[in-house]
Amino acid sequence: MAERECVGTLPRRAFLRAGLVGFSTLGVSDLFRLQAAGAAQGGRGKSLIVVWLWGGPSHLETFDMKPDAPEAYRGLFRPIATSVPGLEICEKLPRLAAIADKLALVRSISHDSPGHVNSTHTVLTGYTGEVIETAPYTPKYPYAFHVANRFLPRDATLPTWVAMPDMPYEGGGGLGRSFGPFKLRADPNAPDFKVPELVLDEARRARLENRSRLLAGFDAMRRAMDEEATHSFDDFQKQALDVLTSTAARDAFDLAREPDALRDRYGRDVVGQRCLLARRLVEAGVRVVTVDFPCVPGQKAFSWDDHASVWNIFEQMEIRLPVLDRAVSALIEDVYARGLDRETMIVVMGEMGRTPKLSDFKGQPGREHWGHAMSALFSGGGAPMGQAIGSTTPRGEFPADRPMTPNDLLATWYRHLGIDHTMTYLDTTGRPIALLPHGEPIAELA
């Protein structure tokens, strides 16, 4: 199935066209059929929001500062105290520092993948990504989000996974392409942003019904070929059409329903408004929302890939960190204020850390790729907050205690969502695949 994609500013016809692409391959209907078959293995009601810092955020400029390290390591920023005694984070994150009792910082994650593609695949699949980074960049194994889309029970009127604007290098691996995200690429903060209009006028409904009758013809042909394999197609076809015509989906995407003061609190930029939309979506029943942190106004940077050869890490962090601080703190406070914190787990992370020792390129400071030490911020999910889990060596090079792999993070996500991280599934060829080859949920977040 081609992935359903909503570009926000398009009229209803274009939105429905994007949603209906691939119906002739019967992928959407198969999606619902397969999800229903796996529903018993999933949890109910839990949700996951991942704010993805593509490029690899420096742990030494965010959540694992080393003020006593030599100058070539510690950088220019200084730590500040938080609301949790003994817990410090970067001075550029004062709002997150004020709500540290609602945070859990995992500081001892490590992997050996060197590049962006293979690191992303390592972190999000549970299997080491291939070192050769060539197009089309799709992983051999599914991202955790594809797994959730496959095995979680769903509300037929809403997508299971919404990605804003997309998820780097994603792919369903052995699960196939049917479990990709509903993509919202438009900027919710743009003046011309429009709610995806799913309520059809009479003419458009007639065209949709014509397409439905066409699909019925395909259905009859497949029944003649394989009756048993397609016996439930009609029910799942109806579910697919229901998503595209759902008032619930339309309402969930409508940021105009939020008060101006709250929208201002998140920040009137693409990051802030996507984080606010993420809260609306999980509150409506979407199970997984991923927000890829893009470039913010005034930056040279288009990611967190802070090489000395491309830009000054400290100049760009001065611009970028306040945006992260405002948007994520607003998201956390909003989730807690609405009583969603037990059901909703928020995670902020990227695919790697950065080299503890600063690089220099013609007098410009930066940090290079470094998967051997990285941090992740957790909030909510009913887990104990106000803690730092694990630590790194004095210069931030490697885990010092409580070392963890990305698989431990994924196992924690799966536990929260109600998916058995020890399960084996069948890929599209019928081959059994372990969901995770190793890894255990983080005990401190139980």
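Before the details, residues are numbered from 1 along each chain as its sequence is written. Because the model is predicted, local features need pLDDT of at least 70 and side-chain atom pairs count only at pLDDT 80 or more, while totals for chains, interfaces and linings use all residues, and side-chain values use heavy atoms, with hydrogens and water left out.

Let me start with the chain as a whole. It has 13 helices and 19 strands, where helices (H or I, at least four residues) and strands (E, at least two) are DSSP runs numbered from the N terminus. Of the 446 residues, 58% are buried, buried being under 20% relative accessible area, exposed over 50% and partly exposed in between, with a 1.4 Å probe and protein chains only. Among contacts (heavy atoms within 4.5 Å) with a separation of 6 or more, 73% are between residues 24 or more positions apart.

Helix α5 spans residues 116-125, and ten of its ten residues are buried. The cover over these buried residues includes the strands β2, β9, β10 and β13 as well as the helices α6 and α13. After α5 comes Gly126, which has a positive phi near 90°.

Two packed helices are described by the angle between their axes and the distance between the axes. Here the axes are lines fitted to C-alpha atoms, for helices over the stretch in contact, and the angles run from 0 to 180 degrees between N-to-C directions. The axes of α5 and α13 cross at roughly 45° and come within 7 Å. The two helices are therefore oblique to each other, given that angles under 35 degrees count as roughly parallel, over 145 as roughly antiparallel, 65 to 115 as roughly perpendicular and the rest as oblique. On the α5 side, Thr122, Val123, Leu124 and Thr125 meet Pro406, Leu410 and Trp413 of α13.

Helix α6, residues 144-151, also packs on α13, residues 406-417, at an angle of about 20° and with the axes 11 Å apart. That angle makes α6 roughly parallel to α13. In this contact, Ala144, Phe145, Val147 and Ala148 of α6 meet Leu410, Trp413, Tyr414 and Leu417 of α13. Like α5, helix α6 is mostly covered, with eight of its eight residues buried, and these include His146, Asn149 and Arg150.

Finally, I would like to look at two residues in strands. Thr344 is in strand β9 and, at 2% relative accessibility, it counts as buried. The side chain of Thr344 makes a polar contact of 3.0 Å with that of Ser47, a polar contact being a pair of N or O atoms within 3.5 Å, where within protein one must be able to donate a hydrogen and the other to accept it, and residues adjacent in sequence count only if both atoms are side-chain atoms. The C-alpha atom of Thr344 lies 4.9 Å from that of Gly381, although the two residues are 37 residues apart along the chain.

Ser379 itself sits in strand β14, residues 374-380, and is buried at 0% relative accessibility. A polar atom of the Ser379 side chain lies 2.7 Å from the backbone oxygen of Lys102.
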